[in-house]
Amino acid sequence: MAGVKLPKGYKPKKSETYMSAKQLEYFRVKLLDWRQSLLEESQQTIDQMRDAARDVSDEAERASREAEITFELRTRDRYRKLLSKIDQALKRIEDESYGFCDETGEPIGLDRLEARPIATLTIEAQERREQLERQYGDR
């Protein structure tokens, strides 16, 4: 993948070899951009929480700020988990297993990866997993 230069506006096409060097580079850049965006949002959240802690004047405002902070902390936790999944996807790009289902080894598909670049399962495998979770979760 080293040295792969993507043309401006490049989007993977189904007519190309699946998970070619160009496609892997496209998803690597997409994941890195997403990761950077999440890190920037997280830093903004930290800065806002720091500022909010200083500006509390009465009990009602304090309660409101605490609710906002709780919400922000939940959001940051989701970002933390998402960042971990992005890092795992980047590792799969490096070892060239990216784009293939963890359970079946089949291609996940460009459309699914475009919509969810951290996907590790085909839609069918994901549906089977969710169905099993529902069956065993009801017991």
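Here are a few friendly notes on the predicted model above.

1. Ground rules. This is a predicted model, with residues numbered from 1 along each chain as its sequence is written, and local features need pLDDT of at least 70, side-chain atom pairs count only at pLDDT 80 or more, while totals for chains, interfaces and linings use all residues. Side-chain values use heavy atoms, leaving out hydrogens and water.

2. Confidence. The chain has a mean pLDDT (the predictor's confidence in each residue, from 0 to 100) of 88, and 91% of its residues reach 70 or more. Helix α1 (residues 21-54) has the lowest confidence, a mean of 85, and helix α3 (residues 110-115) the highest, at 97. Helices are DSSP runs of H or I with at least four residues, numbered from the N terminus.

3. Salt bridges. There are eight in the structure, each a side-chain nitrogen of Lys or Arg within 4 Å of a carboxyl oxygen of Asp or Glu. One of them joins D111 and K14 (3.1 Å, N to O). This pair links helix α3 with the segment before α1, 97 residues apart.

4. Helix to helix. R35 and D87 also form a salt bridge, with their closest N and O atoms 2.7 Å apart. R35 belongs to helix α1 and D87 to helix α2, 52 residues apart.

5. Loop to helix. E103 pairs with R129 in another salt bridge, the closest N and O atoms being 2.7 Å apart. E103 sits in the loop between α2 and α3 and R129 in helix α4 (residues 123-137), so the pair ties together parts 26 residues apart in sequence.

6. A network. Salt bridges also link K11, K30 and E114.

Key:
Helices (H or I, at least four residues) and strands (E, at least two) are DSSP runs, numbered from the N terminus.
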